[in-house]
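Here are my notes on this entry, as numbered points. Please read them alongside the model.

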Amino acid sequence: MASTIGFRIARLPHLWRSILDRRLAPLGLTQTRWVTLYHLWRLGEGHPQCDLARAIGVEAPSLVRTLGQLEEQGLIERRACDNDRRSKRIYLTPAAMPLLEKIDSVAQLARKEMFAGLTEENLEQLNEWLALIESNGLAIQARDQEGPAS
């Protein structure tokens with residue numbers, strides 16, 4: 001049984017995004033666009049592009065095209081940093097808010113459906129277990145990056 005847990009953990013994010021992609025498609029949003037908007041909303045406005053890229057888990061150059069598309073749609077603005085004109089900070093426009101509220105509503109409903117049959121206590125326990133697994137994984141990663149002990 002333990003050998004299948006990793007596969008399930010890996011499959012869940014893909015399943016989650018697939019469900020949201022299908023439900024958000026009528027809004028004209030690709031996965032990269034809704035993920036970027038949603039992360040910017042959660043992260044807060046005025047962060048540099050590199051911070052947003054890190055939060056999403058992509059390289060900063062990969063994000064530039066998506067930000068350009070969102071800017072063309074009138075959903076974000078990129079402004080030069082006061083102390084570094086080469087760096088851009090990202091801001092949501094008022095036009096983005098109704099769309100973000102719809103994204104959030106769709107995500108909440110999908111989350112409710114995916115968690116059907118689980119109690120609040122089950123979800124709290126699951127969250128604790130996942131946090132422990134993540135912590136263990138981060139410790140392994142840090143140890144592996146250090147290399148063999150001399």
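1. Helices (H or I, at least four residues) and strands (E, at least two) are DSSP runs, numbered from the N terminus.

2. This is a predicted model, in which local features need pLDDT of at least 70, side-chain atom pairs count only at pLDDT 80 or more, and totals for chains, interfaces and linings use all residues. Residues are numbered from 1 along each chain as its sequence is written, and side-chain values use heavy atoms, with hydrogens and water left out.

3. Arg33, Trp34, Val35, Thr36, Leu37, Tyr38 and Leu40 of α2 are buried (under 20% relative accessible area, 1.4 Å probe, protein chains only). The buried residues of α2 pack against elements including α1 (2–24), α4 (60–72) and α5 (96–114); contact means heavy atoms within 4.5 Å.

4. Val35, Thr36, His39, Leu40 and Leu43 of α2 meet Asp51, Leu52, Ala55 and Ile56 of α3. Gly44, with a positive phi near 105 degrees, follows α2.

5. β3 (88–92) is among the elements that the buried residues of α2 pack against. Antiparallel pairing joins β2 to β3 through 5 bridges and β1 (residues 47–48) to β3 through 2; strands pair if DSSP finds at least two bridges between them. Arg78 stands opposite Ile90, and Pro48 has Arg89 as its bridge partner.

Note on methods:
Buried < 20%, exposed > 50% of the residue type's maximum accessible area, 1.4 Å probe, protein only.
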